[in-house]
Amino acid sequence: MSNSSEEVVNSKPRRRSRIREGHENTILRAAEHLFSLNGYNGTALETIAEKAGMSKQNLIYYFSSKEVLYQQVLKNILDMWVEKMALLDQLGENPKEMLRNYIRGKVELSRSNPEASKVFAIEIINGAPYLKEYLKSHLTPALDADVKLVRKWIAEGVMDDVDPYHLFFMIWSSTQTYADFSSQISISLGKEKLQDDDFDNATEFLTHLVIKGLGMK
């Protein structure tokens with residue numbers, strides 16, 4: 001009897017935690033969508049609540065202000081990118097394979113998470129007022145580790161002597177443009193929206209460009 005009671009008692013916090021997590025995820029998805037369309041200043045908390053299917057007061061129970069919610073959206077985006085997109089963590093038996101997988105992963109993020117990329121882009125264009133310190137503490141160390149790896153490959157004669165930082169800036173901008181400027185690209189291609197084969201073609205082209213540009217055979 002006591003074991004059964006303990007199981008019931010112990011299950012309640014887990015159940016409440018799952019419910020809370022579900023509501024928070026719903027709010028975060030709604031906020032990301034609206035922030036990607038209108039930016040921080042152009043998005044009202046009431047609009048996010050309506051999009052999430054709840055009252056403003058209920059939303060505030062989970063996120064005390066629009067700023068807190070916005071910062072969480074940004075944190076989730078950056079955490080996803082840092083976790084998935086470190087060159088150092090890419091699979092591959094040689095630098096060329098690792099770079100190919102890195103570029104493929106970046107294009108895939110633009111395909112699968114275009115709204116996240118747009119939220120990030122708007123924040124950066126505005127000078128990263130809410131993200132500056134988080135960029136310094138999370139993105140910069142990951143980038144520095146990748147730069148160190150590229151410099152090692154250069155020292156080993158695997159690739160041309162290029163500026164590693166500008167290599168990453170170029171890869172970031174060229175892959176994220178398929179999310180941030182997808183409308184421009186789709187109009188240029190005469191399509192209503194980009195298709196999977198467009199992202200595949202982008203991956204192949206950018207990989208070819210980078211590999212050749214680095215003097216790798």
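Mentor: A residue is termed buried when its relative accessible area is under 20%, exposed when over 50%, and partly exposed in between, using a 1.4 Å probe and protein chains only. This is a predicted model, in which local features need pLDDT of at least 70, side-chain atom pairs count only at pLDDT 80 or more, and totals for chains, interfaces and linings use all residues. Residues are numbered from 1 along each chain as its sequence is written, and side-chain values use heavy atoms, with hydrogens and water left out.

Trainee: Which residues of α7 are buried?

Mentor: They are Tyr 134, Leu 135, Leu 143, Asp 146, Val 147, Leu 149, Val 150, Trp 153 and Ile 154. Helix α7 spans residues 132-155; helices here are DSSP runs (H or I, at least four residues), numbered from the N terminus. The buried residues of α7 pack against α4, α5, α6 and α8, where contact means heavy atoms within 4.5 Å.

Trainee: What is found at Leu 139 in α7?

Mentor: A kink of about 35° lies there, shortly before the proline Pro 141. The bend is the angle between axes fitted to the seven residues ending at a residue and the seven starting there.

Trainee: Why is Ser 36 called buried?

Mentor: Its relative accessible area is 9%, and the limit is under 20%; Ser 36 therefore counts as buried. Ser 36 belongs to helix α1 and, neighbours within four places in sequence aside, contacts Glu 115, Lys 118, Val 119 and Ile 122.

Trainee: What makes the pair of Phe 35 and Tyr 70 edge-to-face?

Mentor: Rings of Phe, Tyr and Trp (its six-membered ring) pair if their centres lie within 6.5 Å; planes under 30 degrees apart count as stacked, over 60 as edge-to-face and the rest as tilted. The centres of Phe 35 and Tyr 70 are 4.9 Å apart and the planes stand at 75°, so the pair is edge-to-face. The pair links helix α1 with helix α4, 35 residues apart.

Trainee: Where does the charged end of Lys 66 sit?

Mentor: It sits over the ring of Tyr 40, 4.3 Å from the centre. The criterion is NZ of Lys or CZ of Arg within 6 Å of the ring centre and within 35 degrees of the ring normal.

Notes: Helices (H or I, at least four residues) and strands (E, at least two) are DSSP runs, numbered from the N terminus. The expected span of a helix is 1.5 Å times one less than its number of residues.
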